[in-house]
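Colleague: I would like to go through this model with you, one question at a time. Please keep the terms plain.

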Amino acid sequence: MDVIVTGRRCTISDEFREKVAERISGIERFRDRVHRVEVQVSANQHKQPDQATQVEITLIGKGPVVRSVASADDKSIAFEHALDKMKSQLRRAADRRKVHRGLRVSDTLEAPGGGPAESADDTPQVRRIAGLEVTGDGPLVVREKIFPATPLTLAQALDEMELVGHDFFLYVDADTNSPSVVYRRKAYDYGVIHLDVAEAE
């Protein structure tokens, strides 16, 4: 398992890299088939002191991507918080799998998204964003992302939602081919919304 540690606006010491590699090795007992672990440390002086350093841990391998993020005033503390959060996500996913036996998880793809490029011209720019026409800088601010979608069963969608640590997960239902959303309610209760897309006459 490769462990890659990178820094944004900060330097990473060999001592910190060794500590991260040592602590990350404990994840293997929670999740096998991990090929690579990416740990990104970002420093932001404009945030509150207790959020000045952010650590993002990403597990990449067979199956869905697993990610956790935490912030603190020190990179070691932020890393430990992110690691604890990831272990909690992996435990929840494992507990849920015990209820849904026979679950098979498909691979996921992630595509980064970003906003439109800004024009250097002073003339107000008219843009179409997410189907809406926007003049200049606003007042509407929309960030549009497009992700490849592999049809999933409900059980697979719940598993992927737990692994990325979100409260909801958008997917295409494998049985109905409908856009759907699963979301967390209380404890281990979940909700699901399916969209019935009407065809244009």
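Colleague: In which helix is glutamate 15 found?

Modeller: This is a predicted model, in which local features need pLDDT of at least 70, side-chain atom pairs count only at pLDDT 80 or more, and totals for chains, interfaces and linings use all residues. Residues are numbered from 1 along each chain as its sequence is written, and side-chain values use heavy atoms, with hydrogens and water left out. Helices (H or I, at least four residues) and strands (E, at least two) are DSSP runs, numbered from the N terminus. Glutamate 15 is found in the run of residues 14–24, helix H1.

Colleague: Does glutamate 15 count as buried or exposed?

Modeller: Buried means under 20% relative accessible area, exposed over 50%, and partly exposed in between (1.4 Å probe, protein chains only). Glutamate 15 has 65% relative accessibility, so this residue counts as exposed.

Colleague: How many salt bridges does the structure hold?

Modeller: A salt bridge is a side-chain nitrogen of Lys or Arg within 4 Å of a carboxyl oxygen of Asp or Glu. One of them joins the side chains of glutamate 80 and arginine 23, at 2.7 Å from N to O. The number that the structure holds is four.

Colleague: How many residues apart in sequence are the parts tied together by glutamate 80 and arginine 23?

Modeller: The salt bridge between their side chains is 2.7 Å, N to O. Glutamate 80 lies in helix H2 and arginine 23 in helix H1, so the pair ties together parts whose separation in sequence is 57 residues.

Colleague: Is glutamate 80 buried or exposed?

Modeller: Glutamate 80 is in contact (heavy atoms within 4.5 Å) with Lys19 and Arg23, leaving aside neighbours within four places in sequence. Because its relative accessibility is 18%, glutamate 80 counts as buried.

Colleague: Which strand holds arginine 67?

Modeller: The side chains of glutamate 56 and arginine 67 meet in a salt bridge of 3.5 Å, N to O. Glutamate 56 lies in strand E3 (residues 53–61), so the pair ties together parts 11 residues apart in sequence, with arginine 67 in strand E4 (residues 66–72).

Colleague: How many of the 11 residues of H3 are buried?

Modeller: Among the buried residues of H3 are Ala155, Leu158 and Val164. H3 is largely enclosed by the rest of the structure, because the buried count among its 11 residues is 10.

Colleague: What is the phi of glycine 165 near?

Modeller: Glycine 165 lies in the loop between helix H3 (154–164) and strand E7 (168–172). Glycine 165 follows H3, and its phi is positive, near 75°.
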